[in-house]
Each structure stands twice: as C-alpha cells, then as structure tokens.
Amino acid sequence: RGWLCGRVLADMGTEVTKVEPPDGDPDRMRGPFYHGEAHREKSLWWWAYNQGKKSITLDIETLAGAELLRSLVTQTDFFIENFPPGHLEGLGLGHTTLQSLNSSLIWVSITPFGQDGPYRDYKAPDIVAMAVGGFMSLTGEPGRAPLRLSFPVSHSLASLQAALGAMVAFHHRQATEKGQLVDISAQESVAT
C-alpha cells in the first residue's frame, strides 16, 4: 500500500530508504520480470514502484533491529508504514514513541480502514477495499456482478492520498516545526 507514496516522495527529491525484512521484500519476486527471468533483482513491478529509493534490510522484531530503527527515525523527515494498527506499538515502535524521539517526524500510516473506527482491525486486500469503498458498484454491466479492475487501484489511491497528506503535513511542519500523523484508509481513498 505504501510503495507509490515513497516513489512520489522520491520523485519530488526526498531521499527515501525502504526498510525490508532480512530476506528482502517478498514482492521482489512478483512478475513480470525483465527478459522473463524470474530473479529478485529483475521484477518490473518492483522497479516501477521502488525506483529512486535506497533499501536496507532490518528485522524490526528483534531488540537490535528495533533500536536501529529508532536511531534512524531521529534523522528522518517522513516515516511511511502499512502495518496493521497497533503492530508497531507492540514492538515499542509506535507513533508516540517515535514522535518522542523526533518531534518533527511526519508519520504516514496506510491501512485498509485507518487507525481507528469499527473496521480498523479488519484485513483487506485490494478487492475488499475496492468493494467497500464503492468503486466496484460502478464497474461491470447491469444485471451482472460487480467487477474488479485488474490493477490494485486501492493501493495506488491510498499511496497518492498518503503522498499528498505527507506534503500538507510537511508544509505545516515548516510553519510550526512539529510533525503530524497522516492516517490514510485505503477504503476511504477509494470512496473519495
């Protein structure tokens, strides 16, 4: 859900570092691949959404990894995450904790249904966000079931809303020197 947000910020000149798990992001093996060769460094999908970014591997679920992430956040302008609500808090890496380390941090959270509300803990792949956001009711033919577009549109819409929210928060920070939490719901991004 956050790939395009990071790509937009990188395209605007921000230095973006993608944090991957120790074995690398599993989506590096998502096809299609350059010259049809399935290889973790040849995913066209990966290239399209992660161009312009640096990358590190880090196990944030270990004490050492969490401490390194805290250290990185002290020098960070934006923190983009797409974990389920409460996950990072359970690792000692929640918004309040990281904001206390860097009061100007702009925290961008992209989840299926936002950080609060009755659906906050629901899981939702793209098709669910598209349906609950109402977009699928506009597709297909009368008298037939709704259709999903072949591309993960809700993820792209949420990422674009997140990039826009990050820029608004950045503008606010320039005036106040204070960071903000940008809470993006994929479902609400589709609805708008």
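**Group meeting: a walk through the helices and the sheet**

Cover here rests on contact, which means heavy atoms within 4.5 Å. The helices (H or I, at least four residues) and strands (E, at least two) are DSSP runs, numbered from the N terminus.

Before I go on, a word on what we have: this is a predicted model, where local features need pLDDT of at least 70 and side-chain atom pairs count only at pLDDT 80 or more, while totals for chains, interfaces and linings use all residues. Residues are numbered from 1 along each chain as its sequence is written, and side-chain values use heavy atoms, with hydrogens and water left out.

For the record, buried is under 20% relative accessible area, exposed is over 50%, and partly exposed is in between, using a 1.4 Å probe and protein chains only.

Now please turn to α1, residues 3-11. Seven of its nine residues are buried, so α1 is largely enclosed by the rest of the structure. The buried ones are W3, L4, C5, G6, R7, L9 and A10. Their cover includes β1 (16-20), α2 (44-50), β2 (53-57), β3, β4 (106-111) and α7. After α1 comes G13, which has a positive phi near 105°.

W3 also takes us to the aromatics. W3, W45, W46 and Y49 make up one aromatic cluster. How many aromatic pairs does a search of the whole structure find? Nine. One of interest is W45 with Y49: the ring centres are 5.5 Å apart and the planes are at 45°, so this pair is tilted. The rule is that rings of Phe, Tyr and Trp (its six-membered ring) pair if their centres lie within 6.5 Å, with planes under 30 degrees apart counted as stacked, over 60 as edge-to-face and the rest as tilted. W45 and Y49 are four residues apart in helix α2, so about one helical turn separates them. Both are buried.

On to the sheet. Three strands form an open sheet in the order β3-β4-β5, with parallel pairing. The edges are β3 and β5 (181-185), each with a single partner strand, so one side of each has no neighbour in the sheet. From one strand to the next the twist averages 15°, where axes are lines fitted to C-alpha atoms, for helices over the stretch in contact, and angles run from 0 to 180 degrees between N-to-C directions. Two strands pair if DSSP finds at least two bridges between them. β3 and β4 are joined by four bridges, and β4 and β5 by five.

A nonpolar core is a set of buried Ala, Val, Leu, Ile, Met, Phe, Trp, Tyr and Cys residues joined through side-chain atoms within 4.5 Å. The largest has 17 residues, and those with the most contacts inside it are C5, I106, V108, I110, A162, V182 and I184. Two or more residues come from each of α1, β4, α7 and β5, and α7 gives the most, with five. A second, separate core of eleven residues includes V73, F79, L93 and L105.

Let me finish in α7, residues 153-176, which holds S154. Is S154 buried or exposed? S154 is buried, with a relative accessible area of 0%. Leaving aside neighbours within four places in sequence, S154 is in contact with D126, A129, M130, A186 and V190.

Thanks, everyone!
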